Amino acid sequence: MSARSAWRALHYSAKRRVVQPTSPYRCFSCTRQAFDQAKPDQQRMTHFGFTNVPESEKESRVGAVFSSVASSYDNMNDLMSLGIHRLWKDHFVRSLNPGTPVANRPADAKDQGWNILDIAGGTGDIAFRMLDHATNINHDMQTRVTISDINAEMLAEGRKRSTATPYYNTSRLSFVQANAQDMPHIPSDSVDLYTVVFGIRNFTDKQAALNEAFRVLKPGGVFACMEFSKVENPVFDAVYKRWNFGAIPLIGQIVAGDRDSYQYLVESIERFPSQEEFRGMIQKAGFEIPGKGYENLTGGIAAIHKGIKPISRV
Amino acid sequence: MASLPRLHRARTSLSAIPSLRTSHQPGAVAPYHAPANSLSTSLSTSTSTARSSPISSSCLISNSATISQAQTRTPTPLCIRARARSHLHAQPQIQSALHPSIRTYHSSLHPRPPTHEYTNSQVAILSASLAHIPTEGFTRAALTAGARDAGFLDVSVQLLPRGEFDLVLFWLASRRGLLRAKVEDGCVFGETAGTPAGDRTGTGKGKGSGLSVDEKVRILIMERLRMNKDVKGVWQDALAQMSLLGNIPLAFSELHALSNDILNLAGDTAVDSTWYARRMAIGAIYASAEMAMTRDPTPDMVETEAFVKRRFEDKQALKDKVEGVGSWVGFWGNTVVGVGRSWGLKI
């Protein structure tokens, strides 16, 4: 009797031993440990082109890209966009119409001229255009631009180029190296116009940057952003994608000797939210949207987004 | 049918400021009260007198309508009562007023869909800019000055994506609303206050009842042209803006809305085949009279008035000609068909 039951027990255990456990051995304490270790990696990821990288790494990776392209930035822009980026930038500045003509300025105004903050404007493309527009079109000598960029190499490029402009070494133009997601050196409600041109795509946390923009702008101030966007015509989109993924990395390899940076560039363009989604993000930060909220350029390759910080009315 | 006048009144009180309704986007605030709130700060003097005084004094104010005056109107007790009485009928109207959809047909029983969808801030900037039009013209400078008056920054004119053209449109729409308000207050056709446009023709009240629709239309056109007196010198700016290729459709739809309003206010309720022709004729007369107005040196617009009169004679002559030709063609057509049939043709 006892022999039979012993045999049965042996038999059972032999059978059981064949079945492999589906999950590895986990006691309660090591489950907790594993969970705690997995959490930061799982949640704090962001995209860098088509690959996912930890948030802490994105900043340095983007930094590396722009450090390597800083010197050939201008030539590459011309080649990649076939010169159209100059038209976009001119249009952007003209539509913003920076500067107040002296004749229209009230004599008792405490703030003369506009205070413009150009984020991610390292090479000064937009800043010099704004100052030119304010000076030559509106005859406004008081409007000033602060160029802010996270990348020292890009800022150095802008400094070099500013020596050729009449604004070099004047109070109208200043350079700041800062992260746009956190700018404690800029007081709240102090900026008339906040521009970010082809830059917000590279930010680690876009919503944080938008919230910071909302903070620094004066009530009634304008957030204006030009960024690559989604092409609306499917036929044109196919051609554009072909150009993006076929030609641009190749041009980057030949001209700048750096294929990977330009591969990142086109991938980041692809990953950027569509016009409507980005408008939603601007609204979420608290901005008021004028009209449709965005303006497509060249069929949607780029789009200008605008938002106005509402004034609190009694 | 007996409840129609009351229905009308309820409608007009709801759409008292047809042109100034704010947008109905989810983000926008309180569609109907919003413009009144935002305007009342700058216009408190004129509107408060208009509200507290009887019709005659509000007539005085709107007769000497200055640019800074806009048409903020609150429903009078009369119309609130009327709305309460015709509650069952008025309900769907209120519903549709709160959720307006694009309607392709014209209806006198529904509130008109808003002509422009401006947010509160946009209305604040635009209405402050109106005061600067006579000096600055329809320019960005007027907008900037208006933005500054409303407490905004110079850069805030970015709120208006169409820039100067938004100012032109707002001017046109607000004057159109003002014209409607004046007629409904009985300042144009005398003491017919409270009676909606559709009923004025039949009933024998007020001096307006003696006039024909054509005469009323002429009076309304002159009334609308007189509102342009202060901007006569800068009207070229507006014409230039409206003639830009991208702006033409909106300018035309605004002209159509004006001629539609004029005919509606003059008591023209016919819905026959000349519906479009009449609106086109009024639009053409008004637009050409605006051109004549810019070249009119007389302070009372005597020459413009004579011009409008001549155009109405032209219109009548043209109408007679077209009708004559039509009846001639109709007669001969009928005759030919009749003769053909008498010959045995299968027509």
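Start by selecting residues 1-100 of chain B: in this predicted model, pLDDT (the predictor's confidence in each residue, from 0 to 100) stays under 50 over that stretch. The model still has 138 contacts beyond four places in sequence for residues 1-100 of chain B, a contact being two residues whose C-beta atoms, placed from the backbone, lie within 7 Å. Where pLDDT is low, the predicted coordinates should not be read in detail.

Next, pick residues 193-207 of chain B, where pLDDT also stays under 50 and the model has 33 contacts beyond four places in sequence.

Now colour chain B by pLDDT: the average is 71, and 62% of the residues score at least 70. Helices are DSSP runs of H or I, at least four residues, and strands are E runs of at least two, numbered from the N terminus.

Buried means 20 or more other C-beta atoms within 10 Å of a residue's own, with C-beta atoms placed from the backbone.

Last, show chain A, with its 11 helices and nine strands. Buried residues make up 36% of its 314 residues.

Residues are numbered from 1 along each chain as its sequence is written. Chains are lettered from A in the order in which they are written, and local features need pLDDT of at least 70.

Key: Predicted model: local features only at pLDDT ≥ 70, side-chain atom pairs only at ≥ 80, totals over all residues. Buried ≥ 20, exposed ≤ 12 C-beta atoms within 10 Å, placed from the backbone.
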